[in-house]
Amino acid sequence: MRISDKAAARLKELGAAVRPGVSMSEQTSLGIGGTTDEILLARYDTIPQVMRLLADEHIPHRFLGGGTNVLIADGELPWVMLHLPAARPGWRIEGHAAYVDASADLGGMVTFCAKHDLGGMEGLIGVPGSVGGALRMNAGAYGTQIGPHVKEVELYRAATGEIETLRGSDIRFDYRHTSFAPDDVMLRVKLELPSKPFKEILAGIKVCNEKRRASQPLNQKSAGCIFKNPPGGSAGRMIDELGLKGHRVGDAMVSDRHANFFVNAGHASCSDMLKLIDDVRGRVRAANGIELENEVIVWRN
Ligand code: EPU
């Protein structure tokens, strides 16, 4: 989708920059996605004005975080992509509280907190992506989830057109699911973290890194796990037991390292990846009677 010169000029007045014709294959860890114009926001407090402008101009839009858990359609996209202001560095500590921008890097935040002897998030160290994406999905690994540490979230509520602050206790954090509205935009979070000596946190981080290196295809293009684990089960094990490691549609391939990671082994399209997802889901349904639910977020045209 192309932004008109008139809309671009109004966006510039709000400090936002427009980058025309950007391929989402460069913005996502899967290396898949079509082309659209991007808007880079300058300040959080201009978001309500920018959103009103986009509504006035009838410009559909989506916010992209780290791009590490999303599968985006091929071709010219019918929406523009918005980016929050870059976090520089995007975090500060006060006692047991960490105040973090949604655009900050999740792993960087875990390390920063560790250096201030604040722990509890060791398991999240190797989860790629932004803090905002982690909040929305309630990212988790190795027994850690971000949700229980959340004290407050500042967000843009599309429903009211305002920036609001929610208490952590008013937000539901479930397995890879939260009670945020789909069009809420995470802006900042206040986390409360337990004290732990840096050395101890570092030891925990090392263990998680080693486990991840041993079981996941970290050097290949992926969006992490494609399916959620069904209650009491493991999607990866089920797919593996069907002998599907290495199974492919075009360049979209079931990782030969971890069967719930689907990788872009070359120049996979979104269409290839969707066909592979449907094919594997169907085979698991036929063999196990279980309908696997996507963990990856899919943005279709
Ligand atoms: N397994 C296989 N074959 C495989 C993959 C796994 O037999 O190809 C078996 C493993 O041996 C193990 C079991 O399945 O007994 C579970 O595997 P693993 O420990 O790798 O964890 P997972 O349930 O597949 C989950 C999260 C990961 C997270 C890890 C570590 C989901 C969908 N996935 O994977 O998160 O990193 O635990 O905590 O919940 C993600 O969210 O994108 C993600 C990768």
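Q: In which helix does Arg 281 lie?

A: Some conventions come first. Residues are numbered from 1 along each chain as its sequence is written, and this is a predicted model, in which local features need pLDDT of at least 70 and side-chain atom pairs count only at pLDDT 80 or more, whereas totals for chains, interfaces and linings use all residues. Side-chain values use heavy atoms, with hydrogens and water left out. Helices (H or I, at least four residues) and strands (E, at least two) are DSSP runs, numbered from the N terminus. Arg 281 belongs to helix α7, residues 270-288.

Q: Is Arg 281 buried or exposed?

A: The classes rest on relative accessible area: buried means under 20%, exposed over 50%, and partly exposed in between (1.4 Å probe, protein chains only). Arg 281 has a relative accessible area of 12%, so it is buried.

Q: Which residues does Arg 281 touch, not counting residues up to four places away in sequence?

A: Contact means heavy atoms within 4.5 Å. With residues up to four places away in sequence not counted, Arg 281 touches Phe 227, Glu 291, Leu 292, Glu 293 and Asn 294.

Q: Where is Arg 188, and which class of accessibility applies to Arg 188?

A: Arg 188 is placed in strand β14, residues 185-192. Its relative accessibility is 32%, and therefore Arg 188 counts as partly exposed. Leu 202, in helix α5 (residues 198-215), is also assigned as partly exposed, because its relative accessible area is 33%.

Q: With which side chain does the side chain of Arg 188 make a polar contact?

A: A polar contact is a pair of N or O atoms within 3.5 Å; within protein, one must be able to donate a hydrogen and the other to accept it, and residues adjacent in sequence count only if both atoms are side-chain atoms. The partner of the Arg 188 side chain is the side chain of Asp 101, at 3.3 Å. Not counting residues up to four places away in sequence, Arg 188 touches several residues, among them Tyr 44, Val 100, Asp 101 and Glu 152.

Q: How many bridges join β7 to β14, and in which sense do they run?

A: Strands of a sheet pair through backbone hydrogen bonds, either parallel or antiparallel. Here, two strands pair if DSSP finds at least two bridges between them. Strands β7 and β14 run antiparallel and are joined by five bridges; Ala 97 has Glu 192 in β14 as its bridge partner. Strand β7 (residues 97-101) is mostly covered, with four of its five residues buried.

Q: What pairing links β6 and β7?

A: Strand β6 (residues 91-94) pairs with β7 in the antiparallel sense over four bridges.

Q: How many residues surround the ligand?

A: A residue is near a molecule if one of its heavy atoms lies within 4 Å of it. The ligand is surrounded by 20 residues, of which the closest are Tyr 142, Tyr 175, Cys 225, Asn 229 and Arg 237. Both β15 (221-225) and α6 (235-241) supply at least two residues of the shell; α6 gives the most, with three.

Q: Which polar side-chain atoms lie by oxygen atoms of the ligand?

A: A polar side-chain atom of His 258 is 2.9 Å from a ligand oxygen atom, and one of Glu 295 is 3.4 Å from a ligand oxygen atom. For Arg 176, an N or O atom in the side chain is 2.8 Å from an oxygen atom of the ligand.

Q: Where is Glu 295 placed, and is Glu 295 buried or exposed?

A: Glu 295 is in the loop between α7 and β19 (297-299). Its relative accessible area is 8%, so Glu 295 is buried. Leaving aside neighbours within four places in sequence, Glu 295 is in contact with residues including Arg 176, Cys 225 and Phe 227.
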